Every structure is written in C-alpha cells, then in structure tokens.
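Here are a few notes to go with your first look at this one.

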Amino acid sequence: MGQIFLGLADNGERQSLDLSRANRHGLVAGATGTGKTVTLQGLAESFSESGVPVFVADVKGDLSGIAMPGSPTFRHADKLESRARELGMEDYAYSDNPAIFWDLYGEQGHPIRTTVSEMGPLLLSRLLELNETQEGVLQIVFRYADENGLLLLDFGDLQSMLAWAHENAAELSGQYGNVSKQSVGAIQRQLLSFESQGADRFFGEPALEIDDFLKTDENGRGYVNILAADRLMRSPKLYATFLLWLLAELFESLPEVGDPEKPKLVFFFDEAHLLFDDAPAALQDKIEQVVRLIRSKGVGVYFVTQNPIDIPEEVAGQLGNRVQHALRAFTKRDQRAIRAAAETFRINEHLDTEQVITELKVGEALVSTLDEDGAPTVVQRTLIKPPRSRLGPLTPKERAIIQSVSPVEGKYDTLVDRESAEEILLAKAEDAAVTAEEVAEQGEEEVRKRPRKSTSIWGKALSRGTKTAASSAAGMAARRITGKKSRANPTASGITSAVGSIATDLAGPIAGSFVRNLIGGLMR
C-alpha cells in the first residue's frame, strides 16, 4: 500500500501518510516562520511523485520553485542535506516536478475563467458584499436570464442585465417580487468597484475544464497546479470565493469513487481562514457540506493556516491527517489555540502535547495521520523531511520556459466573446427601435410580412464557431511565428463553441438552471 514519508519521530518511528487515506483531508498549521510552507512543498512533491495531481495557491510567490530541482549551491543546502542524513533518506537527491502555472489575471500563468452563471448569485453576493435584499434582487436577475435564454458569461452580460432590470424594475416586480431601482443601483456600484480590482478578468470564456487539473506527465507523475496568488491576496474575498467555487466545481464534475487507492487530486488551501472570515451561516453550512462530501469524489482538501482555531469545528472534525508546527502563547487567544490543537490529537502518554507545541523548533511538528483502518495514529514529535525541489521562487525566464511547454499552452490564453446577454439585449433594443420606425412608416401589417430579423440558432452557432476557429487559428499562426508550441485545435475550439451555443439556445431556461454550480444553485 502506497505511503508518503513525512519524517522521523523522536522515538525513531517513521511517520507516513497513507495514500488510501489521503482523501480524508488534512491540516497543516503553525505560526509564521515555523516551516509550514516547506512542509506543504514536501507534501506536494511527494503526492506528485506518487502520481497524484496537486492544486496549490502560491500566496507568497515562493512555491513556484517546486518546478525546479534544488541545488547544492543553495544557501540552506547544507541544512537540507544534513536533515536528509539525519532521517536516513539514503535516496535523497534534488529533483524537479511537473508544474502548470495559473493566474486569475493571466500575468504569471494561464488565465482561469468561469462564467457569471456558473459562479451563481450566492457567491457573487458574497464577493460584492450585498445585503439580504440586494442578494434577492440579484437572484431575480439570474432567474429572469435563465428563463429567457440570456447567457450570463462575463461582466458585460451582468452589467447589461442589471441595466435592463433598472429600466424594467416594475415588470420584474410584478412577476418575481419587489425589485427596487435603488437595490439594482447598489449592485451596479458594487460591481464597478469589484471590476476596478481586476476581478472582471475571472469571468468569460473559454471557461476552465476541471480535467486540466487532473493531468499526469509521461512518467506518471501528477502535475502540480500552482496558482499565482500574491496579487490575488490583495482581494481576500475574491481569493476565498474563487477557491470555494473551484471546490464546488470539482464536486459537481467528478464521479463518485468511494475510497480509492490514492486521491484523484489533492487541494491545498493556504491562508484557509479567509474562507470562513465574515461568511454567513448559510455559506458556512455549504462549505462544511462540500468538504464532507468531496472525499467520495477522491479529492483530498488540506487547509494551511497559522492558527488551527481559524477552522470551524464542523470542518476541523473532518481533517484526519494533521501536521502541527509550533504555536506561540503570546496572547489568551494563542493559549486557547494551543489547548484546542493539543486536544485534537490522539493522546501519547509519553508526550505532553500542549507543552511540546510551544517548544517545537523550525522544521519540527506534531504529526498524526490515519492508519490503514482509518483510525488516527498516536501523535508524535517529528522531524519533517526536506523537499527535493528548490526552496524559493523561479526567475521570470524560468517561469516563461516552463509555461511554453505547458500541456494546456494556447488553450485558455485567447479570450472568446460569443453572443450572450449583452449582445442579445443590445440587438433587441436596436431591433425594437428599427421596427418601431418601420411600423410608423409602413404600418404593422406590412412589417409582419418581412422575414424575421433574428438569425436562426443554427446560423448563429455556425457563425460563432467559425469566428472562434478563426481567432484560434490566428493565435496559432502567431505562435508559430514566435516559435511557441501550441496544443490547441482551432477547429475543435470552434466546434465546441458552436455546440455550446446550440445547446444553450435550444435548452434555454433548462440549461440555465443546470449550469449553475453547486453552491450558487443550492441557495436559489
């Protein structure tokens, strides 16, 4: 049975993480500077080596080094090599890991996008910090768009729908309940503020395909998906909401697998407290539900945080694998955290857990994992193994080289803007104005005899697909000129866009109802 070596306990026992229990989630906690990031990096590269894809947010910008091997010339190399000898790691050698870089802003990696519809009104309401009344109005806007086949793909679509709702508030109120212009205006103002932070880049197409997070390389190693989050952390609500959306997408997309021999994906949530800060009770319930149920999809979620009491008890109770670095007892809250952390471990009669937490050195941790029967092991004071990859960030040149050979290079880099709510509402307004003039000049009976102005769904789909293919082909031609490789197929991209358009136009409100992601949909 596969295991990941974590380190050596002070009684000489090897501490390992059982891969068949790795989807039972986990916690890596400890004060700043105690070694959490190094532990996270070592875990990520071990999962990768075991053929398990990993997703990790690079909050400080230094996890990108996982894509390059360490070096004997690194200033801390002597400490890493000394620790490896101390732990008896005879096979210790520097090595790299296959990596894919992602960035919501598209600056340090492939852009990640979703559609406004897939995000849903609940998560958008949290992002926009709407009150209960405003959230209700936003849900009505989404409901109207669904029932009328209006695709909400990007910020432009949502802004157009809100502008339409502002002008037609009375009509919406009569059909769905009270919609005040004041509430719509408040949402519009929040949307503008949100857009000024660059968050509008997160919405649009091509939308992320979850399968691209589940890749392995030609040697069977899992890709480490690294999200550049140093800039994203300036908008903590966007960061937390994005990762929550990603968890929901994983849950919705992946089939049930029960308890596999190893996870399909391991998801590291750094700065985990941001997920729960100021979250309403209803949203916290959904977070707890997703964390509980996603285990059966073969996904392990590992929360990384400074203080273990930042994780609500309902979620913390589901974290079976724990690595606790040192905590400092400077305040009463710190003291409560130490007691709480000590109480979560299975008692070791030879160890005063509460005392040891304050005495741990850098690179030491209290470790308890689930054994093959699913029971927590006795907590042990453990020297954590050193990583084999580089400790520290990549240079821009190194990042660019790795990006150029990415397995998804060219797939997400070009924004696709197909017909959606913004274009349809604009076209309707223009058609209405033209038709009104024609009726005035020719009479209603004559105007009814002319062909319909709107193109059929098949014609629209073909047009969209052709435009997408042409855009993708142009992008490929440019990449050939610059010498970059591309794995994108422009014809396939065009067909995909066309099929998506046809499906949406045919299904209308039915499709709109089902594309809403798990969390957004639960609160409708």
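**Notes on the aromatic rings**

1. Let's start with Phe55, which is buried at a relative accessible area of 0%. Keep in mind that this is a predicted model.

2. Phe267 is buried too, again with 0% relative accessibility. Because the cut-off for buried is under 20%, Phe55 at 0% qualifies, and so does Phe267 at 0%.

3. How many aromatic pairs does the structure hold? There are 20 aromatic pairs. Take Phe55 and Phe267: their ring centres are 5.1 Å apart and their planes meet at 20 degrees, so this pair is stacked. It also ties together distant parts of the chain, with Phe55 in strand 4 (residues 54-58) and Phe267 in strand 8 (residues 265-270), 212 residues apart.

4. Next, have a look at Phe276 and Phe303. This aromatic pair is tilted, with 6.2 Å from centre to centre and 45 degrees between the planes. Here too distant parts of the chain are linked: Phe276 belongs to helix 9 (residues 273-276) and Phe303 to strand 9 (residues 299-305), 27 residues apart. Both Phe276 and Phe303 are buried.

5. Now for the wider picture. Ring pairs join Phe55, Phe267, Phe276 and Phe303 into a cluster that also includes Trp102, Phe213, Tyr239, Phe269 and Tyr412.

6. Finally, some charges over rings. Arg14 has its charged end over the ring of Phe5, 4.1 Å from the ring centre. Lys297 places its charged end over the ring of Phe251, at 4.3 Å from the centre.

Methods
Residues numbered from 1 in each chain as written. Predicted model: local features only at pLDDT ≥ 70, side-chain atom pairs only at ≥ 80, totals over all residues. Heavy atoms only, no water. Phe/Tyr/Trp six-rings, centres within 6.5 Å; stacked < 30°, edge-to-face > 60°. Helix = DSSP H or I, 4+ residues; strand = E, 2+ residues; numbered from the N terminus. Buried < 20%, exposed > 50% of the residue type's maximum accessible area, 1.4 Å probe, protein only. Lys NZ or Arg CZ within 6 Å of the ring centre and 35° of its normal.
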